[in-house]
Amino acid sequence: PDPLNVSALTSLHAAFAAIPDPRSVHGRRYDLPFLLTCLVAALLCNCNSTCAVGQWCREHRRLLRATFGAQRHLTPSDSLYRRLLPRLEVERVEAVLAEWVGATRPADDTEAVALDGKTVRGARTRQDAAPHLLAFCTHETQETLLQVRVADKTNEIPVAQAVASRLNWRGRVCTADALHTQTAFVATFHALGGAVVLTVK
């Protein structure tokens with residue numbers, strides 16, 4: 001959706017209400033759904049840092065006021081996001097986003113879905129390896145229907161089979177790379193009513 005579309009921002013704000021706020025109520029200027037909606041809109045506008053997100057908010061105060069009504073504070077800062085984001089439950093955020101995207105899809109959705117895993121570039125620290133994410137993305141519209149983190153002590157194969165049931169596969173094809181050429185993988189998707197196309201090089 002267009003990140004500057006007021007109705008899309010409003011529905012996303014409502015979806016984010018399901019995420020618990022880790023902050024104390026004392027001194028809180030912005031509610032969590034507002035902060036996360038601004039973050040997503042800024043990311044969709046190619047802001048790739050918390051500084052850029054803060055700048056986007058300053059430049060789009062008119063949009064934010066039109067969407068959320070008159071508020072005393074409309075410009076969350078870089079430092080606020082840097083303190084907040086590490087405290088959020090990532091799995092809960094991913095689940096809410098997946099549910100929101102799913103609600104925008106057609107009821108009889110049959111668009112093919114690509115299964116792909118990627119390690120997040122630039123996310124490794126001295127203490128932790130960069131997270132590896134497994135995503136289910138539509139072929140044509142390029143929408144991420146579901147994304148989960150693959151734990152360090154496992155790999156994509158069992159994770160893909162474990163989370164596949166979260167999506168509707170009736171009349172739908174899942175494509176995946178050679179890593180998933182497993183009997184159990186194919187059986188999982190057939191049991192869910194889907195088909196599988198695997199690329200083996």
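Q: Helices (H or I, at least four residues) and strands (E, at least two) are DSSP runs, numbered from the N terminus. How many helices and strands are there in the protein?

A: The protein has eight helices and five strands. This is a predicted model, where local features need pLDDT of at least 70, side-chain atom pairs count only at pLDDT 80 or more, and totals for chains, interfaces and linings use all residues. Residues are numbered from 1 along each chain as its sequence is written, and side-chain values use heavy atoms, without hydrogens and water.

Q: In what order do the elements run from the N terminus?

A: The order is α-α-α-α-α-α-β-β-β-α-β-α-β. The C-alpha trace spans about 55 × 45 × 30 Å along its principal axes.

Q: What share of the 201 residues is buried?

A: Start with the cut-offs: buried is under 20% relative accessible area, exposed is over 50%, and partly exposed is in between (1.4 Å probe, protein chains only). Here, buried residues account for 38% of the 201 residues.

Q: Now the strands. In which sense do β1 and β2 pair?

A: Two strands pair if DSSP finds at least two bridges between them. Strand β1 covers residues 113–119, and strand β2 covers residues 132–138. Their pairing is antiparallel, over seven bridges.

Q: Which strand does β1 join by two bridges?

A: That is strand β4, residues 173–176. The β1 and β4 strands run parallel.

Q: Next, salt bridges. How many does the structure hold?

A: Side chains of opposite charge can pair when their charged atoms come close. The criterion is a side-chain nitrogen of Lys or Arg within 4 Å of a carboxyl oxygen of Asp or Glu. The structure holds eight such bridges.

Q: Which residue forms a salt bridge with D21?

A: The partner is R28. The closest N and O atoms of D21 and R28 lie 3.5 Å apart. D21 counts as partly exposed because its relative accessible area is 23%. R28 is also partly exposed, at 31%.

Q: E111 and R105: buried or exposed?

A: Both E111 and R105 are buried. R105 gets that label because its relative accessibility is 12%. The side chains of E111 and R105 meet in a salt bridge at 2.6 Å, N to O.

Q: How far apart are the closest N and O atoms of R105 and E143?

A: The distance is 2.5 Å, in another salt bridge. This pair links distant parts of the chain, 38 residues apart. R105 sits in the loop between α6 (90–104) and β1, and E143 in the loop between β2 and β3 (144–150). E143 has 21% relative accessible area, so E143 is partly exposed.

Q: Which residues do salt bridges that share partners join into one network?

A: The network contains R105, D109, E111, E143 and R172.

Q: On to the backbone. Where is the place of N46?

A: N46 lies in the loop between α2 (32–44) and α3 (50–59). Most residues other than glycine have a negative phi. N46 is not a glycine, yet its phi is positive, about 70 degrees. N46 counts as exposed because its relative accessibility is 68%.

Q: What is the phi of Q142?

A: Phi of Q142 is near 60 degrees, again a positive value in a residue other than glycine. Q142 belongs to the loop between β2 and β3. Q142 is exposed, since its relative accessible area is 59%.

Q: Last, a pair separated in sequence. How far apart in space are A187 and Q161?

A: Their C-alpha atoms are 9.4 Å apart. In sequence, A187 and Q161 are separated by 26 residues. A187 is part of helix α8, residues 183–191. A187 counts as partly exposed, because its relative accessibility is 43%.
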